[in-house]
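Trainee: I would like to learn how to read a model like this one. Can we go through it feature by feature?

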Amino acid sequence: MKIIDGASKKEILYYLPNVETAENLSRFFATFADGTRLRVISAIAIKKLCVSDIAEVCGLNQTTVSHQLKILRSEGIVKADRQGKIVFYSLKDPKINEVLLFGVEYCC
């Protein structure tokens, strides 16, 4: 038995993400599902930082930070800017910080 009317179905289908978009969204939000990554994202949302500075402010070792940054870079969340011998990390897009802040408002 179908209850939905044609206009409602059309509206839903218009806004419903296609399979590829749904997979991309799922992968994007999965990036935020790790507490360590969230802390790294939060730190570099405030200020551009190098690996050693991220490690210090987040209380992590540099290997862990480097691993998390690799994941974040592969997902397009973080960008790296080399200044001489030092690489500084920041968010690729300020909208990423907005997503994080919406999450904080929602759950905390």
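Trainee: Which backbone nitrogen does a side-chain oxygen of Asn 18 reach at the start of H2?

Mentor: First, the ground rules. This is a predicted model, in which local features need pLDDT of at least 70, side-chain atom pairs count only at pLDDT 80 or more, and totals for chains, interfaces and linings use all residues. Residues are numbered from 1 along each chain as its sequence is written, and side-chain values use heavy atoms, with hydrogens and water left out. Helices (H or I, at least four residues) and strands (E, at least two) are DSSP runs, numbered from the N terminus. A polar contact is a pair of N or O atoms within 3.5 Å; within protein, one must be able to donate a hydrogen and the other to accept it, and residues adjacent in sequence count only if both atoms are side-chain atoms. Here the side-chain oxygen of Asn 18 comes to within 3.1 Å of the backbone nitrogen of Glu 20.

Trainee: Which residue caps the N-terminal end of H1?

Mentor: Asp 5 does. One of its side-chain oxygens lies 3.1 Å from the backbone nitrogen of Ala 7.

Trainee: How many residues of H1 are buried?

Mentor: Buried means under 20% relative accessible area, exposed over 50%, and partly exposed in between (1.4 Å probe, protein chains only). H1 covers residues 6-15, and of its ten residues the number buried is zero, so H1 lies largely in the open.

Trainee: What span should helix H2 have?

Mentor: The expected span of a helix is 1.5 Å times one less than its number of residues. H2 has twelve residues, 19-30, so it should span 16 Å. Its end C-alpha atoms are 16 Å apart, which agrees.

Trainee: At what angle do the axes of H3 and H5 cross?

Mentor: Axes are lines fitted to C-alpha atoms, for helices over the stretch in contact, and angles run from 0 to 180 degrees between N-to-C directions. H3 (residues 35-46) and H5 (residues 62-74) have axes that come within 10 Å and cross at roughly 80 degrees. That makes H3 roughly perpendicular to H5. The cut-offs are under 35 degrees for roughly parallel, over 145 for roughly antiparallel, 65 to 115 for roughly perpendicular, and oblique for the rest.

Trainee: Which residues make the contact?

Mentor: Contact means heavy atoms within 4.5 Å. H3 supplies Thr 36, Arg 37, Val 40 and Ile 41, while H5 supplies Thr 64, Gln 68, Leu 69, Ile 71 and Leu 72. They divide into five nonpolar, three polar and one charged. Ala, Val, Leu, Ile, Met, Phe, Trp, Tyr, Cys and Pro count as nonpolar, Asp, Glu, Lys and Arg as charged, and the others, Gly among them, as polar.

Trainee: Is Val 51 buried or exposed?

Mentor: Val 51 is in helix H4 (residues 51-58). At 17% relative accessibility, Val 51 counts as buried. Leaving aside neighbours within four places in sequence, Val 51 is in contact with residues including Gln 62, Val 65 and Tyr 89. The C-alpha atoms of Val 51 and Gln 62 are separated by 6.3 Å, with the two eleven residues apart along the chain.

Trainee: Where is Ser 90?

Mentor: Ser 90 is in strand E2 (residues 86-91). With a relative accessible area of 6%, Ser 90 is buried. Not counting residues up to four places away in sequence, Ser 90 touches Ile 44, Lys 48, Ile 77, Val 78, Lys 79 and Asp 81.
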